[in-house]
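Try each task before you read its solution.

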Amino acid sequence: MLSDQLRSAGVVGAGGAGFPAHVKAKSSVEFLVVNGAECEPLIHKDAEIMRHFPGEILGGSEAMRAAIGAERVKFGVKTKNHESLEALKAACQSALIDWVELGDFYPSGDEYELVYTATGRLIPAGGIPLAVGCVVNNVETMFNVNEALAGRPITRKLISVAGAVARPCTFWAPVGITFREAIELAGGATVPQFGIFVSGLMMGTFTWDLDDVITKTTAGLILLPADHYLITRRTRTQPEMNRIGKSACDQCSYCTEFCPRYLLGYDVQPHKVMRSLGFTATGEAHWNQWADLCCSCGLCTLYACPEDLYPKEACDDGKKYLRVAGMKFEQVKPVQVHPMKEYRRVPSAQLRKRLKVDEFERETPYEDILYGPNKVRLKLKQHAGKPASAVVARGDRVRESQLVADLPPADLGCPVHTPVSGTVTAVTPDHIEITH
Ligand code: SF4
Ligand code: SF4
């Protein structure tokens with residue numbers, strides 16, 4: 001069964017959330033939606049994988065389609081990536097694929113957005129694609145399904161290294177290598193002081209730590225000079241963000257008017273969530289409920305707000321508050337697309353200007369780099385669900401692709417395999433270190 005093969009190979013969603021693919025493979029739906037929309041600024045690894053490995057992606061897609069009994073595959077690709085699209089079409093032998101050509105907007109790869117564009121269906125508020133007969137998978141996940149079919153466990157991750165680096169590029173990085181090594185493979189940083197956005201400027205995380213490691217969900221590393229506008233914004237503390245928001249928000253509601261989820265018809269209203277900042281003693285629960293359906297795309301904070309405030313972070317906080325309080329927002333009004341939705345889309349070029357990263361927008365061409373690290377640090381939680389537990393001990397000898405961490409089949413999660421042969425030099429609650 002495909003599901004068993006995917007679990008054994010440790011295939012997780014490569015698009016970011018790391019949802020175990022074997023769980024999705026057990027669904028029974030009408031459409032498989034393949035997500036090649038990639039919309040994080042400066043990262044182009046999905047365009048590269050589609051251009052260079054179309055046969056593998058289509059092989060994985062067909063296996064997933066057959067497993068979930070889908071009638072059709074809806075394959076989303078941006079029209080601007082015409083070389084990727086042509087490569088896919090040339091390699092395609094299936095009559096069951098519909099190509100869904102997408103404009104270059106942010107965030108056209110959002111699951112809700114893509115399902116709507118591909119099928120015309122709106123996922124119920126707070127629901128998942130399954131509710132409207134869809135399973136959504138990223139293109140790299142489809143490549144990895146093909147790997148699993150060939151009996152190869154997932155031990156490498158396709159990443160783009162971009163921004164202030166000498167040679168922006170896309171390559172397969174062994175899982176567990178450090179950011180320092182990945183940056184060196186892209187020719188090194190071009191500025192002395194820099195910060196790293198991991199997996200995206202909009203929805204990724206930020207770190208200064210060069211010794212953090214690549215996981216099965218790392219989409220890329222974007223280096224920006226330490227004094228860059230985005231780093232200054234990102235490194236503010238939450239109390240600072242709240243203080244500024246409380247005094248400067250004039251309730252213009254641009255954050256809501258540009259919110260992609262609001263425009264699709266979901267009751268997300270970040271300007272109302274901003275009001276919660278003024279209710280620190282009591283009453284914030286009322287305003288926080290308008291955050292519950294936010295997908296943290298970051299558009300309100302990084303694009304819409306004319307005052308450079310932090311409505312996305314207020315929503316993140318609001319969602320946490322609701323979780324702790326055991327509250328769930330129920331949307332009463334029907335999900336109905338806003339009449340202005342098409343006119344309020346945010347072109348990627350416009351977004352890059354607003355983020356002040358236009359000078360870093362370059363191709364990240366695929367390079368066939370064969371990197372053999374001396375050491376890897378394999379995180380035990382590289383996926384949604386529970387962390388895996390080590391099945392090896394310090395001092396054990398392991399060989400490339402060997403299983404090193406697993407969890408009971410009934411638990412949501414995925415096993416971990418080593419990309420290198422060597423000796424286990426450390427096992428902690430967080431990771432396994434293997435030295436070649
Ligand atoms: S866009 Fe900015 S100023 Fe306007 S309501 Fe939203 S947070 Fe407040
Ligand atoms: S981050 Fe902002 S723009 Fe994005 S979904 Fe949440 S509220 Fe809407």
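**Exercise 1.** Is Ala91 buried, partly exposed or exposed?

*Solution.* Start with the ground rules: this is a predicted model, in which local features need pLDDT of at least 70, side-chain atom pairs count only at pLDDT 80 or more, and totals for chains, interfaces and linings use all residues. Residues are numbered from 1 along each chain as its sequence is written, while chains are lettered from A and ligands numbered from 1 in the order in which they are written.

Step 1: recall the cut-offs. A residue is buried if 20 or more other C-beta atoms lie within 10 Å of its own, exposed if 12 or fewer, and partly exposed in between, with C-beta atoms placed from the backbone.

Step 2: apply them. Ala91 has 15 other C-beta atoms within 10 Å, so Ala91 is partly exposed.

Step 3: Ala91 sits in helix H5; helices (H or I, at least four residues) and strands (E, at least two) are DSSP runs, numbered from the N terminus.

Step 4: look across the chain. Gly55 is 36 residues from Ala91 along the chain, yet their C-alpha atoms are separated by 5.7 Å. Setting aside neighbours within four places in sequence, Ala91 is in contact (C-beta atoms, placed from the backbone, within 7 Å) with Pro54, Gly55 and Leu58.

**Exercise 2.** Describe how H3 packs on H5.

*Solution.* Helix H3 (residues 45–52) and helix H5 (residues 82–91) pack at about 35 degrees, and their axes are 7 Å apart. Here axes are lines fitted to C-alpha atoms, for helices over the stretch in contact, and angles run from 0 to 180 degrees between N-to-C directions.

Step 1: The crossing of H3 past H5 is left-handed, a term for a near helix turned anticlockwise from the far one by less than a right angle.

Step 2: list the partners. From H3 come Ala47, Met50 and Arg51, which meet Glu83, Ser84, Ala87 and Leu88 of H5. These contact residues comprise four nonpolar, one polar and two charged. In this scheme Ala, Val, Leu, Ile, Met, Phe, Trp, Tyr, Cys and Pro count as nonpolar, Asp, Glu, Lys and Arg as charged, and the others, Gly among them, as polar.

**Exercise 3.** Why is helix H7 described as largely enclosed?

*Solution.* Step 1: count. In helix H7 (residues 139–149), 10 of the 11 residues are buried, so the rest of the structure largely encloses this helix. Among the buried ones are Glu140, Phe143 and Asn146.

Step 1: look for a packing partner. In helix H1 (residues 2–9), Leu2, Gln5, Leu6, Arg7 and Ala9 are buried, and the buried residues of H1 pack against helix H2 (21–24), helix H4 (54–68) and H7.

Step 2: check what follows each helix.

**Exercise 4.** Find the backbone exceptions.

*Solution.* Step 1: know the rule. Most residues other than glycine have a negative phi, and most peptide bonds are trans.

Step 1: check phi. Ser296 has a positive phi of about 60 degrees and lies in the loop between helix H14 (284–288) and helix H15 (299–304). Ser401 has a positive phi near 75 degrees, in the loop between strand S14 (397–398) and strand S15 (403–406).

Step 2: check omega. The Tyr106 to Pro107 peptide bond is cis, with omega near 0 degrees; Pro107 is in the loop between strand S4 (105–106) and helix H6 (111–119).

Technical notes. Two residues are in contact if their C-beta atoms, placed from the backbone, lie within 7 Å.
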